[in-house]
Amino acid sequence: LLLGIVFGIKQNMPDDFMLILRDAGVVHVIAASGMNVSMVAGSFIYIFQRFFKRRTALFLSLLILLLYVSIAGFEASIVRAAIMAGISFTAGITGRQKYSIYALFLTAVFMLFINPSWIFDVGFKLSFLATLGIIILKPVFDQWLKRLSGSIKDDFNTTLAAQLATLPILLSSFGSINFLSILINLLILWTIPVLMVIGGISIISGLIFAQLGSFISVFSIPLLIYFEVVVRYFDRFKIPLVMEESSWTLW
């Protein structure tokens, strides 16, 4: 589970637990994606800026990001996020203003130019629409709930925006969605940044001294147990929206 959260590696994940994650609507947390890229890039920019000028820090962070993408296996979601980050870094290096929605569409065109078959990939479509939903819908929800504050509101609005934007693909590809997925996401999303930090530190430490890396990874166990308990508990109370036959083009 920790490997899935940090690197998107899920080959050794039990099939029954993968099914539970999918039914709960949280399978995205074990797919290397925008959150992973943001945390990796942000962390190294923060570190490098303490020693180098901003442009140099952005360039070095971009190199680290390329290494991370290669380790994560060049999945469509992380490639999209990495290209968007690369566009942002380039804009920062050149001093040009950037717009996230333009960057998203430019990324999609660039990815399809490299591999046109990704247009049929469910992961690519989900990743693109989820990002588009967060860019367009989340500010609307933030405005509606502007009296509320804190990370819970941010997690709720982000999850709701992504869920609504990906609804056509979810229904047309899998035939159902779980109405409880927003609640489940609220309960577990706060653990993901912490687990990524612990996992990242343990991996870097393990490269220097293997036993130290193993020791640090132990601190992730309570959060991983909490994560598993939550998704398994709510798996018993599914509230599915089922649509047996639906075309995403119709949506």
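This is a predicted model: local features need pLDDT of at least 70, side-chain atom pairs count only at pLDDT 80 or more; totals for chains, interfaces and linings use all residues.
Local features need pLDDT of at least 70, side-chain atom pairs count only at pLDDT 80 or more, and totals for chains, interfaces and linings use all residues. Residues are numbered from 1 along each chain as its sequence is written, and side-chain values use heavy atoms, with hydrogens and water left out.

**View A. Aromatic pair F48 and F52.** Rings of Phe, Tyr and Trp (its six-membered ring) pair if their centres lie within 6.5 Å; planes under 30 degrees apart are stacked, over 60 edge-to-face, and the rest tilted. By this rule there are six aromatic pairs. F48 and F52 pair edge-to-face, at 6.2 Å centre to centre with 65 degrees between the planes. F48 is buried at 16% relative accessible area, and F52 is partly exposed at 39% (buried, under 20%; exposed, over 50%; partly exposed, in between; 1.4 Å probe, protein chains only). Together with F44, F48 and F52 form one aromatic cluster.

**View B. Helix α4, residues 54-72.** Helices (H or I, at least four residues) are DSSP runs, numbered from the N terminus. The expected span is 1.5 Å times one less than the number of residues.

View C. A57, L58, S61, L65, Y68, V69 and A72 are buried. The face turned away from the buried side carries exposed R55 and L66. Just after α4, G73 has a positive phi of about 95 degrees.

Key. Helices (H or I, at least four residues) and strands (E, at least two) are DSSP runs, numbered from the N terminus.
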